[in-house]
Amino acid sequence: MIEAVHQAAASSAAADVFRIALGVEYKGARYRGFQRQRDGVPSIQLSLEDALSKVAGGHPVTLSCAGRTDALVHACAQVVHFDTPVKRSMHAWVMGANQNLPNDISVTWAKEMPSSFDARFSAMARRYRYVIYNDHIRPAHLAEEVTWNHRPLDVALMREAAKTFIGTHDFSAFRARQCQAKSPIKTIHHFELLQHGRLIVLDVRANAFLHHMVRNFAGVLMTIGAGEQPVTWARDVLESRVRRTGGVTAHPFGLYLVQVDYPDQFQLPERYLGPHFLSGLPDVRALPR
């Protein structure tokens, strides 16, 4: 009898808590990454939690995210979730949060989710785009949203080298020393290079990524594109499994989290692939997965 009462109370308590998922985009140039920092320096998570707690009438909000982007890195389609006892419409969560957020962070959608949903652990794949501005003069515009490379880059060579990374491999040579992932073995589903005027876009989707993995891909491919190493160097670096063989880690400004994939059962809203200034590029969501 007592056990039944306890179970009923637990069910009632659970029914009074709502799990809300949000889509978030941000320019990361002013922040030390997504994750809240111990010293209280600006972070995406801290800004979002403060804004959402105001919408929740002062109730604290703690977020979980699909991917903890690094300092200065951007996102077009970050996904977060939080649990709250406060009932608000989805419109109120979006518009209320945006009213309290700085201009470089926006909530794009909100949806109530079942308790089985987890922004991080329910994700099946993540997709990043790394944007290079290739010209001998540095750009005055988008300077914090692209990586400038003054050397003429041969995109055909970079495309050929990128094929090396597709599939399941040990990517130890592309992980940062401070990477906390349990295994360096990841699966790259696709790796495309798109060109749009002076912009070169690395578009890569994988089941998961190591710390600095995409930026290290970019560093290797730009070195090959500049003619400083042959196409075969990409495989040499991969098979070495030693980080220092891959040269310099590319700058974070050009990196964007653009998509997180979840099982169809969750039916999360979808927006166009970013970043916004690349809207003229073909939508490559139809690429083989």
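The largest cavity of this predicted model has a volume of about 40 Å³, and the count comes to one cavity of 30 Å³ or more. The largest pocket has a volume of about 1,300 Å³, while the second largest pocket has a volume of about 410 Å³.

**The largest cavity**
- Its lining is made up of Phe18, Ile20, Thr84, Val86, Lys87, Arg88, Met90, Trp93 and Glu112, and the elements that give two or more residues to this lining are strand E1 (18–26) and helix H3 (90–100).
- By class, these lining residues are five nonpolar, one polar and three charged.

**The largest pocket**
- There are 40 residues in its lining, of which Gly67, Arg68, Arg120, Phe209 and His211 are the closest to the pocket's centre.
- Strand E2 (64–65), strand E5 (125–134) and helix H5 (213–225) each supply at least two lining residues, and H5 gives the most, with three residues.
- The lining divides into 17 nonpolar, 13 polar and ten charged residues, and at least three residues come from each of domain 1 (18–113) and domain 2 (125–264).

**The second largest pocket**
- Of its 25 lining residues, Gln259, Val260, Leu268, Pro269 and Glu270 are the closest to the centre.
- Strand E3 (74–84), strand E4 (105–113) and strand E10 (255–261) each supply at least two residues of the lining.
- This lining has 13 nonpolar, five polar and seven charged residues, and it draws at least three residues from each of domain 1 (18–113) and domain 2 (125–264).

Key. Residues are numbered from 1 along each chain as its sequence is written. This is a predicted model: local features need pLDDT of at least 70, side-chain atom pairs count only at pLDDT 80 or more; totals for chains, interfaces and linings use all residues. Side-chain values use heavy atoms; hydrogens and water are left out. On a 1 Å grid over the protein atoms alone, a cavity is a set of points where a 1.4 Å probe fits but cannot get out, and a pocket is an open set with protein on both sides within 12 Å along at least five of seven lines; lining residues have an atom within 4 Å of a point. Grid points are joined across faces, edges and corners, and a volume is the space filled by probe spheres set on the points. Helices (H or I, at least four residues) and strands (E, at least two) are DSSP runs, numbered from the N terminus. Ala, Val, Leu, Ile, Met, Phe, Trp, Tyr, Cys and Pro count as nonpolar, Asp, Glu, Lys and Arg as charged, and the others, Gly among them, as polar. Domain bounds come from an automatic or database domain assignment.
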